[in-house]
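Visitor: I have a chain open and want a quick tour. Can you take my questions as they come?

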Amino acid sequence: MNEQIKEFNELMSQAGNYLESELSYSLSTVSRYRSGWKRIREYMASNGIKSYDREVGALLLRDKFGARGIPKLSETERFLYRGAKMLTEFKETGIITAPARSYRKEDPIAFAGPIGEVITGFLDHKRLEERLAATTLYGYRRNLFPFLQYCTKKNVRSIKEIDLTFILGYLNQLDCGKRTVVQLAILSLRSFMKYAHRQKLLAMDYSSEIPRYRSIGQPKLPSTYTREEVEKLILSVDRSSPIGKRNYAIILLAARLGLRASDISRLKFTELHWDTSTLKIRQVKTGKELALPLLPDVGNAIIDYLKYGRPESDLPFVFLIGRPPYAQFHTSQVVTHVVQRAYRKAGIDVSGRRFGPHSLRHSLGFRMLEESTVLPVISEVLGHGNTESTRYYLRIDLRSMKRCMLDVPPVATGFYEQKGGVFYE
């Protein structure tokens, strides 16, 4: 392999790692971009081009697609087109600008007509008054649009024409084989009907009359790892580089304190209380305040990162992206990918188990159960709102469950001698 190919392969590797670690692209998406970059490498080889730059990228796109723009390209072609742009940017600047991630570009859903106006008012209420996240709002939009289409199909033009019979008719025509679709449709409709009643648009509140979708299913067992596996994971982190120091501190926060990825990614300096060796946060998921001891190895790892790994920045967040511009983590998926890559590097068998930061949280809870820690204490450490959430871990504590086993009572001898309900003498 000549030096030019080695240079391009290194460029591909670094760009792929950037997409995965800094922009939180999924492994499957990064794989598709890598496939496109390999096609660029083949193009360069066949045309005797030794080094990749902006001109090479432009030449490739012109030869491959001519005057065709993105809308006229196939999905595979789009990955090649965008991949070439990304590679050019990374070669010149060392970063890849993350595209603005809209949810299907604010999607083409249009809520027309009087009922559509009510739905729009409902969505505005959720956005402005309840301050729901964009993903949640998009879910409401996606689930209420089919209901509006059903109203139009049935020639129902006013919200006042809707009654419980009409709502049940809509739910009955949904595909029951798609359990999640039905569940989300019911939840969205229930919330919408409650809003319409509170706004005095409906005389009755049908939200309580809409039947719940009962689905009996046993949730999957939490993925846990042994103490030895967790220690192997921690020791596998290369702490010689700034990013390695950052990742080491991140993994310790998940493994030792059981913090969620969302809380790690948003950890601020003001939440580190060095004078009392405690960490105090307001959890992103529950909104509940949580105070935990800042264990020596965790605190030392954070200090090591702050002194020798963290880029200079006035941002209030502890952990930053490792390349310019040194911004905060734009999503908790960055933390997830940090942990997942560490599992792979450590060579830990993850077959049949999840291997993100939540698995470290589950493993901590499981070890506390093994050590006979009472549920309220585990709830407090993990920041659960109540012990019901913690009971989720009981299903994996087989050793304790065995203690609850009862001996089978002996069967009377006469039981085996009866016939037709009558004992033989």
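Visitor: Start with Leu279. Leaving aside its neighbours within four places in sequence, which residues is Leu279 in contact with?
Guide: Leu279 is in contact with Leu253, Leu257, Leu259, Leu267, Glu271, Leu272, Leu290, Ala291, Leu292 and Leu294. Contact means heavy atoms within 4.5 Å.

Visitor: What sort of model is this, and how is it numbered?
Guide: This is a predicted model, with residues numbered from 1 along each chain as its sequence is written. Local features need pLDDT of at least 70, side-chain atom pairs count only at pLDDT 80 or more, and totals for chains, interfaces and linings use all residues, while side-chain values use heavy atoms, with hydrogens and water left out.

Visitor: Back to Leu279. Which residues have the most contacts inside the largest nonpolar core?
Guide: Ile251, Leu253, Leu259, Leu279, Phe319 and Leu360. That core has 43 residues. A nonpolar core is a set of buried Ala, Val, Leu, Ile, Met, Phe, Trp, Tyr and Cys residues joined through side-chain atoms within 4.5 Å. Buried means under 20% relative accessible area, exposed over 50%, and partly exposed in between, with a 1.4 Å probe and protein chains only.

Visitor: Which elements give two or more residues to this core?
Guide: α9 (227-235), α10 (242-256), α11 (261-265), β2 (278-282), β3 (289-293), α12 (296-308) and α13 (333-346). The largest share, 8 residues, comes from α10. There is also a second, separate core of 31 residues, which includes Val118, Leu144, Leu189 and Met193.

Visitor: Zoom out. How many helices and strands does the chain have?
Guide: The chain has 17 helices and 5 strands. These are DSSP runs numbered from the N terminus: helices are H or I with at least four residues, strands are E with at least two. Buried residues make up 41% of the 425 residues.

Visitor: Now the helix packing. At what angle do α2 and α3 pack?
Guide: About 95°, with the axes 11 Å apart. Helix α2 covers residues 27-46 and helix α3 residues 54-65. Axes are lines fitted to C-alpha atoms, for helices over the stretch in contact, and angles run from 0 to 180 degrees between N-to-C directions. So α2 and α3 are roughly perpendicular. The cut-offs: under 35 degrees is roughly parallel, over 145 roughly antiparallel, 65 to 115 roughly perpendicular, and the rest oblique.

Visitor: Which residues meet there?
Guide: Arg39, Ile40, Tyr43 and Met44 in α2 meet Val56, Leu59, Leu60, Asp63 and Lys64 in α3. By class, that contact has 6 nonpolar, no polar and 3 charged residues. Ala, Val, Leu, Ile, Met, Phe, Trp, Tyr, Cys and Pro count as nonpolar, Asp, Glu, Lys and Arg as charged, and the others, Gly among them, as polar.

Visitor: And how are α3 and α4 arranged, roughly parallel or roughly antiparallel?
Guide: Roughly antiparallel. The axes of α3 and helix α4 (residues 75-93) cross at roughly 170° and come within 9 Å. By class, the contact of α3 with α4 has 6 nonpolar, 1 polar and 5 charged residues.

Visitor: Last topic, the backbone. Which peptide bond is cis?
Guide: The one from Pro324 to Pro325, with omega near -10°. Pro325 lies in the loop between α12 and α13. Most peptide bonds are trans, and most residues other than glycine have a negative phi.

Visitor: What is the phi of Ser277?
Guide: Positive, about 55°, although Ser277 is not a glycine. Ser277 lies in the loop between β1 (272-273) and β2. At 40% relative accessibility, Ser277 counts as partly exposed. Asn155 also has a positive phi, near 60°.
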